[in-house]
There are 2 protein chains.
Amino acid sequence: MKNAPTIGVFDSGFGGLTVLRALTERMPRARFVFVGDTARLPYGSKSRRTVARYAAESAQFLVREQGAQFLVIACNTASALALDAIKDAVSVPVLGVIEPGAQAARAASQTGDVLVMATDATVQSHAYAAACGAQGLRAMEKACPLLVPLVEEGWTEHAVTEEVVRIYVNEMRAEAQARGMDADTLVLGCTHYPLLRPVIERVLAEGAGRAMRVIDSAESTAEAAVRLFDGQGRTREGAVAQTEIRCFATDSVEKFERLGSKFLGRPVGKVDLLDLGG
Amino acid sequence: MKNAPTIGVFDSGFGGLTVLRALTERMPRARFVFVGDTARLPYGSKSRRTVARYAAESAQFLVREQGAQFLVIACNTASALALDAIKDAVSVPVLGVIEPGAQAARAASQTGDVLVMATDATVQSHAYAAACGAQGLRAMEKACPLLVPLVEEGWTEHAVTEEVVRIYVNEMRAEAQARGMDADTLVLGCTHYPLLRPVIERVLAEGAGRAMRVIDSAESTAEAAVRLFDGQGRTREGAVAQTEIRCFATDSVEKFERLGSKFLGRPVGKVDLLDLGG
């Protein structure tokens with residue numbers, strides 16, 4: 001038991017629990033420690049320097065105090081702005097969410113044209129466009145700022161949400177067409193969006209256009225984690241009898257506990273309050 | 001000119017620009033300095049101690065560095081959690097947004113039963129229920145977490161927004177009825193909601209129930225500010241030829257400039273970046 005691999009998962013909020021869910025499905029006999037830096041979210045409106053400092057603090061807590069042997073940065077903003085800073089701050093392997101999503105898009109796309117739905121902050125960072133470009137893909141990013149609030153309201157299967165998704169999808173398709181793109185792949189570039197995958201796929205199927213393959217970056221990241229960490233042989237050593245999950249939040253434990261189980265697909269249990277300072 | 005009254009207005013974001021707008025309409029010959037602490041929003045998920053520290057820093061900047069002779073706290077969370085701390089931190093008169101809204105509700109309501117639409121954080125603070133209770137009113141608060149994102153998406157006159165407002169209003173009315181309330185007054189308890197007043201009034205008029213009087217706490221606060229500050233005779237001295245407005249934000253100047261004019265009802269002009277520290 002003492003050799004059970006411990007995987008640290010970090011997000012600015014609790015959306016990254018969809019990544020944790022995908023990880024536990026693929027590595028059921030590992031220990032997971034999750035930190036949601038809810039006191040300092042949203043990272044999206046903060047400078048690169050500030051995000052890097054915040055993310056490094058959480059990463060160091062996971063490695064030094066919780067014994068994490070691998071880190072998954074389950075946060076698009078931190079992956080976009082602070083992955084190098086986190087790698088500098090700790091001595092364990094670190095995986096972000098953006099690169100795996102872009103790699104999965106390359107594997108899925110036949111036309112080489114890809115659409116990305118994400119938050120305003122992620123779109124403004126153009127991290128997906130850059131990562132897709134590095135894979136030889138042409139990507140168009142679409143900011144969908146209402147989707148996170150709709151998920152957090154619990155309206156994952158609601159007529160209003162379907163209408164909002166329809167508006168965003170139609171705008172995105174029209175803009176892609178105007179740019180002469182022939183997109184066949186859609187990347188869900190936000191950790192909240194896996195909860196909207198059914199409604200997004202339903203809306204995509206309405207259109208008369210080309211069928212779209214949906215890439216869930218939470219799934220892609222978990223697959224990349226298995227390749228990376230298992231490649232190092234660590235998740236097979238000293239496995240625990242069943243998945244162990246421990247969650248920390250820097251504030252708003254109540255909201256985390258109330259909403260977290262929807263993201264994780266099981267009860268999050270007691271969430272511990274963590275003080276990382278102002 | 002050197003005696004022109006300077007009024008400091010503070011918010012965690014830029015929603016408080018609706019309060020600034022109402023103030024400039026009533027005090028067109030004053031100088032206004034606005035601080036939006038956008039780097040550290042949302043205040044709603046933070047502890048009372050943290051909100052008090054943040055708000056006191058902005059208040060001190062407005063008074064000490066910008067020469068504000070009065071302060072208006074155009075932020076529901078800071079008004080709910082930190083009004084006393086701000087009053088302790090500065091030596092000028094300080095006015096929040098909650099008390100004026102409750103006073104206006106008392107003046108408007110015949111039945112003594114009042115509904116309040118607000119953000120999740122404001123509802124959880126129960127500041128409006130307490131302020132209305134102090135006025136002898138019975139208040140029911142309804143959290144409407146999708147309304148701020150819809151306003152920030154620019155969908156102030158959109159079918160989706162009307163449908164969301166209809167859902168919230170119907171839920172609120174059903175719950176009030178279940179509690180045996182006979183509400184005749186609705187308080188808009190968030191600085192973003194004045195932009196939704198037309199759609200809210202349209203939806204309220206659909207119902208078969210009692211007609212509802214809408215109280216806009218931005219308007220109520222501006223009226224209270226005129227009473228308080230003019231009662232001290234200060235806004236009549238040394239007035240400027242026309243309204244002067246200077247805006248500071250602690251981050252996200254771009255979003256502030258892009259959306260701010262909708263809230264202020266005129267261009268916000270150049271927004272200065274202000275560093276209040278981490």
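I take helix axes as lines fitted to C-alpha atoms over the stretch in contact, with angles from 0 to 180 degrees between N-to-C directions, and helices as DSSP runs (H or I, at least four residues) numbered from the N terminus. The model is predicted, so I note that local features need pLDDT of at least 70 and side-chain atom pairs pLDDT 80 or more, while totals for chains, interfaces and linings use all residues. Residues are numbered from 1 along each chain as its sequence is written, and chains are lettered from A and ligands numbered from 1 in the order written.

**Helix pair in chain B.** I looked up helix α4 (residues 98–108) and helix α6 (residues 127–134) of chain B, whose axes come within 9 Å and cross at roughly 50°. α4(B) and α6(B) are therefore oblique to each other, a class left over once angles under 35 degrees (roughly parallel), over 145 (roughly antiparallel) and 65 to 115 (roughly perpendicular) are set aside. Where they meet, with contact taken as C-beta atoms, placed from the backbone, within 7 Å, I98(B), E99(B), G101(B), A102(B) and A105(B) of α4(B) face A127(B), Y128(B), A131(B) and C132(B) of α6(B).

**Domains in chain A.** I found domain 1 (6–96 + 220–273) and domain 2 (98–217) in the assignment for chain A, the bounds coming from an automatic or database assignment. Their centres, taken over C-alpha atoms, are separated by 23 Å, and the contact takes 22 residues from domain 1 and 23 residues from domain 2.

**The two copies.** I checked that 100% of the interface residues of chain B are also interface residues in chain A, so the copies meet through the same surface.

Terms used:
Two residues are in contact if their C-beta atoms, placed from the backbone, lie within 7 Å. Helices (H or I, at least four residues) and strands (E, at least two) are DSSP runs, numbered from the N terminus.
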